[in-house]
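Work through the two exercises below. Keep the sequence and the 3D view open as you go.

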Amino acid sequence: VRRLSRRWQSHSSPVSEQRRSASYKLLWTDIKIGSAESVIHIGARIAKKRHTRNVDIQPNLAQWLGKYRRDSGKVMLSYALHREHVRKTAVKAGVKIPGNAGRHAFASYSLVEHGLDKTVLWLGHSDSELLQRTYKGAVTSNDTRAFWVIAPKDQEQTGMMQIAKTA
């Protein structure tokens, strides 16, 4: 179960708007897939400033969620496990990953793909000033197209399904 949650969390942050500090509070029951509207519900217990919102689940995020989905429990077992997994992954890849890099990537690409209004709402910002100042022009349209098709590999899915069955 720990490997399952660590793998899911290391891949999910960039394709959803979650702050790392909020992700460990997220429950699988907060994620609604297959209903009329597939969303992640960010309730007051999760949101930084208690701004409740729903974040639309993008097609590539739906693929990751389908791969790691559980019926209940925490999406991420602990913030410490997540932080350690990201650190090890960064060392192995030879890169430095800044704090909340996934959220920042999501904001940059979402601004180009979905526009200012939706991105501000999904991030839980009270206005668009910070978003425009920080993310406008940060990525290209070509980068954006590539970002929104990041998806799990089929071979990885087989291995993870085996872990899920034995957990």
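The exercises cover the nonpolar core and the aromatic rings.

This is a predicted model, where local features need pLDDT of at least 70, side-chain atom pairs count only at pLDDT 80 or more, and totals for chains, interfaces and linings use all residues. Residues are numbered from 1 along each chain as its sequence is written, and side-chain values use heavy atoms, without hydrogens and water.

**Exercise 1.** Find which residues touch the most other members of the largest nonpolar core.

*Solution.* Start with the term: a nonpolar core is a set of buried Ala, Val, Leu, Ile, Met, Phe, Trp, Tyr and Cys residues joined through side-chain atoms within 4.5 Å. Buried means under 20% relative accessible area (1.4 Å probe, protein chains only). The largest core has 27 residues, and Leu 26, Ile 31, Ile 40, Ile 42 and Leu 131 touch the most other members. The largest share, five residues, comes from α5. Helices are DSSP runs (H or I, at least four residues), numbered from the N terminus.

**Exercise 2.** Classify the ring pair of Tyr 109 and Phe 147.

*Solution.* Rings of Phe, Tyr and Trp (its six-membered ring) pair if their centres lie within 6.5 Å; planes under 30 degrees apart count as stacked, over 60 as edge-to-face and the rest as tilted. Here the centres are 4.1 Å apart and the planes at 20°, so the pair is stacked. Now locate the partners: Tyr 109 lies in α5 and Phe 147 in α8, so the pair ties together parts 38 residues apart in sequence. Tyr 109 is buried at 16% relative accessible area. Phe 147 is buried too, at 6%.

Technical notes: Buried < 20%, exposed > 50% of the residue type's maximum accessible area, 1.4 Å probe, protein only. Helix = DSSP H or I, 4+ residues; strand = E, 2+ residues; numbered from the N terminus.
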